[in-house]
There are 2 protein chains.
Amino acid sequence: MTHKSNPVGNEITCIMYGIKDAILNDSKKMIRVLVEAAKKEKFKILKSVSYAFKPHGFTAILLIQESHIAIHTYPEYNCLVFNLYSCRGPRDGRRALNFFKKAIGPKKINLRESRVKIDQNKK
Amino acid sequence: MTHKSNPVGNEITCIMYGIKDAILNDSKKMIRVLVEAAKKEKFKILKSVSYAFKPHGFTAILLIQESHIAIHTYPEYNCLVFNLYSCRGPRDGRRALNFFKKAIGPKKINLRESRVKIDQNKK
């Protein structure tokens with residue numbers, strides 16, 4: 001039997017505003033929370049990579065079995081962008097997003113979620 | 001002077017269909033093309049990470065100064081998903097996408113591009 005992925009992926013892009021400086025600049029905490037968030041969703045983390053920018057700003061990316069999760073901070077705007085793509089089906093990743101959000105505590109968010117549907121007739 | 005990023009990011013999610021097996025399963029070539037594509041856009045690659053799945057499938061992610069580019073292949077559907085997020089402004093990343101597309105040679109694509117606008121009043 002040939003292995004077949006779910007042909008419907010899910011993409012979440014969420015801007016989280018009004019995050020406290022102490023949290024936004026604590027890259028270790030941020031990665032810890034991101035890893036916990038992935039685990040809450042039962043995503044399997046295969047690799048991770050991060051980078052601290054100068055004078056500020058931070059990117060962390062988890063390569064997961066189900067695709068990826070990335071965060072990019074914008075300390076100058078007290079916000080971050082959370083981007084998740086999962087190939088496990090529609091609405092996947094919401095639990096990870098919600099866990100992350102609760103731990104980071106943004107005042108407001110702007111959420112966009114969309115399906116990435118692979119058309120199996122387009123081979 | 002405080003460093004300020006461009007408050008408008010750009011996100012590209014492109015499904016590329018009908019890619020030849022020989023290309024889709026050649027992860028080394030795929031990474032090489034992705035790196036070249038990033039350079040064409042003058043993105044600065046800071047780190048990269050990749051993973052080959054069993055029985056098939058491949059993920060590669062570049063952590064770039066301008067955010068990230070990820071590809072996830074679906075050999076069972078002869079396609080891949082190209083996901084790019086750039087914090088450098090609207091429509092950024094098109095050159096990288098086009099270079100990658102030309103080198104990989106999909107028969108058809110499904111492209112979605114959207115702005116990620118940071119509202120500076122939501123601090």
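Chain A has 3 helices and 6 strands, where helices (H or I, at least four residues) and strands (E, at least two) are DSSP runs, numbered from the N terminus. Read from the N terminus on, its elements go β-α-α-β-β-β-β-α-β. What you're looking at is a predicted model, in which local features need pLDDT of at least 70, side-chain atom pairs count only at pLDDT 80 or more, and totals for chains, interfaces and linings use all residues. Residues are numbered from 1 along each chain as its sequence is written, while chains are lettered from A and ligands numbered from 1 in the order in which they are written.

Let's start with the overall build of chain A. Along its principal axes, the C-alpha trace spans about 50 × 25 × 25 Å. Buried residues make up 46% of the 123 residues. Here a residue is buried if 20 or more other C-beta atoms lie within 10 Å of its own, exposed if 12 or fewer, and partly exposed in between, with C-beta atoms placed from the backbone. Now for contacts: two residues are in contact if their C-beta atoms, placed from the backbone, lie within 7 Å. Among the contacts in chain A with a separation of 6 or more, 64% are between residues 24 or more positions apart.

Next, the sheet. In chain A, 6 strands form an open sheet in the order β2-β3-β4-β5-β1-β6, and the pairing is antiparallel. Two strands pair if DSSP finds at least two bridges between them. The edge strands are β2 and β6 of chain A, each pairing on one side only. On average, neighbouring strands of this sheet are turned by 10° against each other, direction ignored. For angles like this, axes are lines fitted to C-alpha atoms, for helices over the stretch in contact, and the angles run from 0 to 180 degrees between N-to-C directions.

Zoom in on β5 of chain A, residues 79-86. Is this strand buried or exposed? It is mostly covered, with 8 of its 8 residues buried. Both faces are covered: A:Cys79, A:Val81, A:Asn83 and A:Tyr85 are on one side, and A:Leu80, A:Phe82, A:Leu84 and A:Ser86 on the other. On the one hand, β5(A) pairs with β1 (residues 8-17) in the antiparallel sense over 7 bridges, and A:Glu11 stands opposite A:Tyr85. On the other hand, β5(A) pairs with β4 (residues 67-74) in the antiparallel sense over 8 bridges, where A:Thr73 has A:Leu80 as its bridge partner. The hairpin of β4(A) and β5(A) has 4 residues between the strands, and A:Asn78 there takes a positive phi near 50°.

Moving along the sheet, β3(A) and β4(A) pair in the antiparallel sense over 6 bridges, with A:Ile64 and A:Ser67 as bridge partners. Helix α2 (residues 27-40) of chain A lies across β2, β3 and β4, running at about 25° to β3(A).

Now bring in chain B. The contact takes 39 residues from chain A and 39 residues from chain B. On the side of chain A that touches chain B, the elements giving two or more residues are β1, β2 (45-52), β3 (58-64), β4, β5 and β6 (108-117). The residues on that side divide into 18 nonpolar, 14 polar and 7 charged; Ala, Val, Leu, Ile, Met, Phe, Trp, Tyr, Cys and Pro count as nonpolar, Asp, Glu, Lys and Arg as charged, and the others, Gly among them, as polar.

Chain B has its own open sheet of 6 strands, in the order β2-β3-β4-β5-β1-β6, with antiparallel pairing. In chain B, β1 (residues 8-17) and β5 (residues 79-86) pair over 7 bridges, and B:Thr13 stands opposite B:Asn83. Helix α2 (residues 27-40) of chain B packs on the sheet, touching β2, β3 (58-64) and β4 (67-74).

Finally, which residues touch the most other members of the largest nonpolar core? Of its 72 residues, they are A:Leu34 and B:Leu34. Such a core is a set of buried Ala, Val, Leu, Ile, Met, Phe, Trp, Tyr and Cys residues joined through C-beta atoms within 7 Å. Not counting residues up to four places away in sequence, B:Leu34 touches B:Ala60, B:Leu62, B:Ile69, B:Ile71 and B:Phe100.
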